Amino acid sequence: MATATPPTLRSLYRSILRELPHRPLSAPSPLQQRIRSSFSTAPSNSTSSDYDLLAAEQYVQYARAQRMYATLLERYNPGMGMDEEERVRLTARRVGMDLPEEWRKP
């Protein structure tokens, strides 16, 4: 089980802040303020603090995995945010064809 030493807590706190959207330290979000206050208060007993430490580490792992998943999804599915016409046009270009211009009434 992990022990709640000051360097461990500092490292965990920084890991959590790294996974949150970046904001300047001069204007922290309410979530950042809440996390800071929970890390700055003294733990009441060791079993509860160990449990909180493990839960925070698990949260960091989950947030990191979600960020990596979103990155990989964007990388390997580039047409996700496109409309159907643009996707068809790019698919045709990929195999060496150009779609004809659509005729529209003036």
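Tutor: A polar contact is a pair of N or O atoms within 3.5 Å, of which, within protein, one must be able to donate a hydrogen and the other to accept it. Please keep in mind that this model is predicted.

Student: Which backbone atom does the side chain of serine 15 reach, and at what distance?

Tutor: The side chain of serine 15 reaches the backbone oxygen of serine 11, and the distance in the model is 2.9 Å. Serine 15 itself lies in helix α1.

Student: Is serine 15 buried or exposed?

Tutor: Buried means under 20% relative accessible area, and serine 15 is buried because its value is 10%. Leaving aside residues up to four places away in sequence, serine 15 touches Val60 and Arg64.

Student: Which residues make up the largest nonpolar core?

Tutor: In soluble globular proteins, nonpolar side chains tend to be buried together. Here the largest nonpolar core has eight residues, namely Leu12, Tyr13, Ile16, Leu20, Ile35, Leu53, Ala56 and Val60. Helices α1 (6-19) and α3 each supply at least two residues of this core. As for isoleucine 35, its contacts include Tyr13, Ile16 and Leu20, when residues up to four places away in sequence are not counted.

Student: Where is methionine 68 placed, and which residues make a nonpolar surface patch with it?

Tutor: Methionine 68 belongs to helix α3, which spans residues 46-76, and together with Leu72 and Tyr76 it makes a nonpolar surface patch of about 320 Å².

Student: Why is methionine 68 called partly exposed?

Tutor: Partly exposed covers the range between the buried limit of 20% and the exposed limit of 50%, and methionine 68 is therefore placed there with its relative accessible area of 45%.

Key:
Residues are numbered from 1 along each chain as its sequence is written. This is a predicted model: local features need pLDDT of at least 70, side-chain atom pairs count only at pLDDT 80 or more; totals for chains, interfaces and linings use all residues. Side-chain values use heavy atoms; hydrogens and water are left out. Patches are made of residues with over 30% relative accessible area and no salt bridge: like charges are joined within 9 Å, nonpolar side chains (Val, Leu, Ile, Met, Phe, Trp, Tyr) within 5 Å. Accessible areas come from the Shrake-Rupley method with a 1.4 Å probe; for residues, only the protein chains shown count as cover. A salt bridge is a side-chain nitrogen of Lys or Arg within 4 Å of a carboxyl oxygen of Asp or Glu. Helices (H or I, at least four residues) and strands (E, at least two) are DSSP runs, numbered from the N terminus. Buried means under 20% relative accessible area, exposed over 50%, partly exposed in between (1.4 Å probe, protein chains only). A nonpolar core is a set of buried Ala, Val, Leu, Ile, Met, Phe, Trp, Tyr and Cys residues joined through side-chain atoms within 4.5 Å. Contact means heavy atoms within 4.5 Å.
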